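Student: I would like to learn how to read helix packing and charged pairs in a model. Can we go through one together?

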Amino acid sequence: MEGKIKEVGSFEDFRNVYRVFSGPPYNEKYTDEELGKIFREYQEGGYIFGAYSDDVCAGIVALERGAKTEQPVKFEEESIMYLADVAVLDEYRNTGLGTQLMIYAVMQSSALGYQRLYMRTLERGKSMSYGIAYKIGFRQIPGVFQDVERERVNGSIETARNIFLDIDLRNLNRDALKRGIQEACARQKPEEER
């Protein structure tokens with residue numbers, strides 16, 4: 001996808017993309033009120049960036065300053081950024097956009113002077129972001145898990161097992177980031193050019 005990554009200022013853009021979490025594998029239920037609260041929290045506590053193509057927000061990445069107190073992660077006296085969410089509309093998946101957004105989050109966090117970026121995600125094999133994060137240099141924080149209870153679109157309440165990944169922004173693996181960028185660019189090319 002050819003496009004531009006910029007700050008998301010529109011709740012409608014955010015809501016449109018964030019609703020992907022109501023589909024598989026998450027199937028989470030959100031009201032507009034809940035989405036508005038999430039949007040405001042991200043704006044006040046960090047940054048929301050969107051990937052735009054022809055004025056359509058096709059994906060978002062949200063960053064929050066500091067470690068979340070409700071999560072079981074502990075960091076030393078480092079300057080921490082939390083990668084709160086990354087989401088891509090279904091029709092833009094498998095184009096490298098998720099990789100671009102994740103790399104953008106890493107580079108923005110580093111440019112802002114943060115020393116470590118971490119994220120929470122579903123266990124291996126259940127999350128699209130897990131594979132991308134691991135490929136560009138994130139590693140699982142050993143022994144740290146969190147069970148998250150959430151209402152599903154079918155009305156049931158389910159608990160999902162989450163793990164935590166982090167990346168040291170002071171010692172970025174430039175080769176891993178470069179491979180991620182190359183792979184994202186390769187996915188953008190039409191099939192006949194590959």
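Student: In which hand does H1 pass H2?

Tutor: In general, two packed helices are described by the angle between their axes and the distance between the axes. In this predicted model, H1 passes H2 in a right-handed crossing. The axes of H1 (residues 11-18) and H2 (residues 32-45) come within 10 Å and cross at roughly 115 degrees. The two helices are therefore roughly perpendicular to each other.

Student: Which residues make the contact?

Tutor: H1 contributes Phe-11, Phe-14, Arg-15 and Tyr-18, while H2 contributes Asp-32, Leu-35, Gly-36, Ile-38, Phe-39 and Tyr-42. By class, the contact has 7 nonpolar, 1 polar and 2 charged residues.

Student: How many salt bridges does the structure hold?

Tutor: Side chains of opposite charge can pair when their charged atoms come close. The structure holds 15 salt bridges. One of them joins Glu-34 and Arg-150, at 3.9 Å from N to O. Glu-34 is in helix H2 and Arg-150 in strand S6 (residues 139-151), 116 residues apart.

Student: What links Arg-116 and Asp-166?

Tutor: Their side chains meet in a salt bridge of 2.8 Å, N to O. Arg-116 lies in strand S5 and Asp-166 in strand S7, so the pair ties together parts that are 50 residues apart in sequence. Both belong to a network of salt bridges that also links Glu-78, Asp-168 and Arg-170.

Student: Is Arg-116 buried or exposed?

Tutor: Arg-116 is buried, because its relative accessible area is 13%, and buried means under 20%. Asp-166 is buried too, at 15%. Glu-34, at 30%, counts as partly exposed.

Conventions
Residues are numbered from 1 along each chain as its sequence is written. This is a predicted model: local features need pLDDT of at least 70, side-chain atom pairs count only at pLDDT 80 or more; totals for chains, interfaces and linings use all residues. Side-chain values use heavy atoms; hydrogens and water are left out. Axes are lines fitted to C-alpha atoms, for helices over the stretch in contact, and angles run from 0 to 180 degrees between N-to-C directions. Helices (H or I, at least four residues) and strands (E, at least two) are DSSP runs, numbered from the N terminus. Angles under 35 degrees count as roughly parallel, over 145 as roughly antiparallel, 65 to 115 as roughly perpendicular and the rest as oblique. A crossing is left-handed if the near helix is turned anticlockwise from the far one by less than a right angle, and right-handed if clockwise. Contact means heavy atoms within 4.5 Å. Ala, Val, Leu, Ile, Met, Phe, Trp, Tyr, Cys and Pro count as nonpolar, Asp, Glu, Lys and Arg as charged, and the others, Gly among them, as polar. A salt bridge is a side-chain nitrogen of Lys or Arg within 4 Å of a carboxyl oxygen of Asp or Glu. Buried means under 20% relative accessible area, exposed over 50%, partly exposed in between (1.4 Å probe, protein chains only).
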